[in-house]
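Welcome! Let's take a friendly walk through this protein model, one part after another.

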Amino acid sequence: MAVSADPKVVIVGCGVSGVAAAHRLVNAGFHHVRILEATDRSGGRIKTGRLGNNITEIGASYIHGPSEENPLFCLARDYGLLDPEALSPENQAMDVDERLPWVPNWFSSSGQRLSAGHMSPALEMFNELLDDTLQFANQEETGWASVGHFMRSEARHRAAERWKDKDKTTRELLLCAVSTMLKAECCASATHTMDEIDLAGFNMYKSLAGLDCTFPGGYEGLIKSLMSKLPTDLVTYNRPVCCVHWSNTESRGNALTVECDDGERIAADHVIVTVPLGYLKKHHSTLFCPPLPAHKLLSVQKLGFGTCNKIYVEFESPWWDADCEVIYLLWKDEEEVVDQVSDIRKSWIRKMSTFTVLKPSERCSHVICGWIAGHESEYMETLPEQEIRHCITELIHTFTGNSTITPRRILRSQWFQDPWTCGSYSHPAVGCSAQDLENMMEPLPTKGSQSQPLQVLFAGEATHPCFYSTVHGAVLTGWREADRLISHYSSVSPCSHLDQKNMNSLDA
């Protein structure tokens, strides 16, 4: 079948995967590339804000595994967006599996400071349990219903054996600390409870070497740097796509059009869809005509997509140690090892067990970032800011025993309410497998169809087989789909396009 020598490519979404795909195509000589973005900004789930003089990340916060193997790290380095510490060989060589060696402060709900040394057995056991999930990788039957089921059961069993020489109060306190960590793990997976995470699927995720780092000037600096390399008229903002019309039978012809919400239909040879999985779950029935094939739709439904929000809190002076990097809150009635609350309206704030401490600078005040996931996080989004500030204040008074501590102001994210994301990022829900991630990235029409190939392609973090939920995963999927088209129109071996070592190709 004859194809256009200079194909029209429409990219739906101007998040980092869409921008990465556009870069790759433009640099390969594609002249008719266009991004349609529903909002008035680029970046998608990369969004930088401010709280006073402090830079805050409303969306993505970290480069996970900043080393030569990570394309995001290489881009940030090449654009001069990282500080010297992140660029050091020592940082790149650290292999901590995304468990940052932070200096903790522990506080209990009785208003007491707890010794980090006394809490370390709980942290050690929790990390050991995470490591022990590796034994279930690629197993169809694990004997456990979920990651949460395994960790809660094993935590109680091991505590009874290992801490039998400790008094009952200490054993219960350490189990409460495991609850604290389990809630934090919900944030890492953007899930309501670890009971919703598949035990075998949990280890499809692969971490990279390197000590996680941030962007001193804000994550959006990366988007601005990438956008500066694209033609200025390539992106059309405030242009939501309501339907991608494609053809799955030869008899229907090969007309591929993108219908916008204002009724405009844009003809294309190829469409790269980069919308978040949360949006896809909610709108797939109207977003594609004809509908997605049954097996692909099933995978969209089986993969998990949840909410993780942040609440930044600013103080006049710190109530934590000068070297503290993370604050853990321990509720003294959670020795059963829990990661969700029984009454969300009354107790949603209990889900927020962890605060990370922003590095202070000379001109900035003191800011901590509280992390909260799941339905409690979604409920938090519905509350007025004044009520959230009151709840945070009461929480800090309870745990520090100091009723004079008062936040100056707060700033929160609201990703579940965002109509274009419907949550934060993806996770391997119970029952999903590597095949579901393969199905997510499969182009339309599927193999074997007599219709024009590669009409609709899919990119975004939820389409990467092992880096899902990450920005580097999103970048790689944008490159992957661009390379798919480049190899389709080229006699050059596609392998040359997929060499992940050659990370500077975006600047070619």
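In what order do the four strands of the open sheet stand? The order is 10-9-8-12, and the pairing in this open sheet is mixed. Strand 10 (265-267) and strand 12 (288-289) are the edges, and each has a single partner strand, so one side of each is left without a neighbour in the sheet.

Take a look at strand 9 (residues 257-260) next: its pairing with strand 10 is antiparallel and runs over three bridges. Val258 has Ile266 of strand 10 as its bridge partner. Helix 9 (residues 277-287) packs on this sheet, where it touches strand 8 (241-245) and strand 12. The direction of helix 9 makes about 55 degrees with that of strand 8.

## How confident is the model?

Please keep in mind that this is a predicted model. The chain has a mean pLDDT of 92, and 93% of its residues reach 70 or more. Residues 492-508 are a stretch to read with this in mind: pLDDT stays under 50 there, and the model has 30 contacts beyond four places in sequence for these residues.

Strand 5 (residues 104-108) pairs with strand 6 in the antiparallel sense over two bridges. Within strand 6, Leu114 is the bridge partner of Trp106.

Helices join the picture here too.

## Two pairs of helices

Helix 7 (residues 168-189) has a helix partner too: its axis and that of helix 6 (residues 147-162) come within 11 Å and cross at roughly 160 degrees. Angles over 145 count as roughly antiparallel, and helix 6 and helix 7 are therefore roughly antiparallel to each other. Their crossing is right-handed. Helix 6 brings Met151, Arg152, Ala155, Arg156 and Ala159 to the contact, while helix 7 brings Arg171, Leu175, Val178 and Leu182. Of these contact residues, six are nonpolar, none is polar and three are charged.

The other pair is helix 1 (residues 16-27) with helix 8 (residues 220-227), packed at an angle of about 25 degrees with their axes 10 Å apart. Angles under 35 degrees count as roughly parallel, and helix 1 and helix 8 are therefore roughly parallel to each other. Here the crossing is left-handed. Val16, Val19 and His23 of helix 1 meet Ile223, Leu226 and Met227 of helix 8. This contact has five nonpolar residues, one polar residue and no charged ones.

## Backbone details in the loops

Most residues other than glycine have a negative phi, and most peptide bonds are trans. Against that background, Cys289 and Pro290 are joined by a cis peptide bond, with omega about 0 degrees. Pro290 sits in the loop between strand 12 and helix 10 (294-302). The peptide bond from Leu444 to Pro445 is also cis, with omega near -5 degrees, and Pro445 belongs to the loop between helix 14 (434-441) and strand 20 (456-458).

Where is Val337? Val337 is in the loop between strand 15 and helix 11 (344-347). Its phi is near 65 degrees, a positive value in a residue other than glycine.

Note on methods. Residues numbered from 1 in each chain as written. Predicted model: local features only at pLDDT ≥ 70, side-chain atom pairs only at ≥ 80, totals over all residues. Heavy atoms only, no water. Axes fitted to C-alpha atoms, helices over the stretch in contact; angles between N-to-C directions. Parallel < 35°, antiparallel > 145°, perpendicular 65-115°, else oblique. Left-handed = near helix turned anticlockwise from the far one by under 90°. Contact = heavy atoms within 4.5 Å. Nonpolar A, V, L, I, M, F, W, Y, C, P; charged D, E, K, R; others polar. Pairing = 2+ DSSP bridges. pLDDT = per-residue confidence, 0-100.
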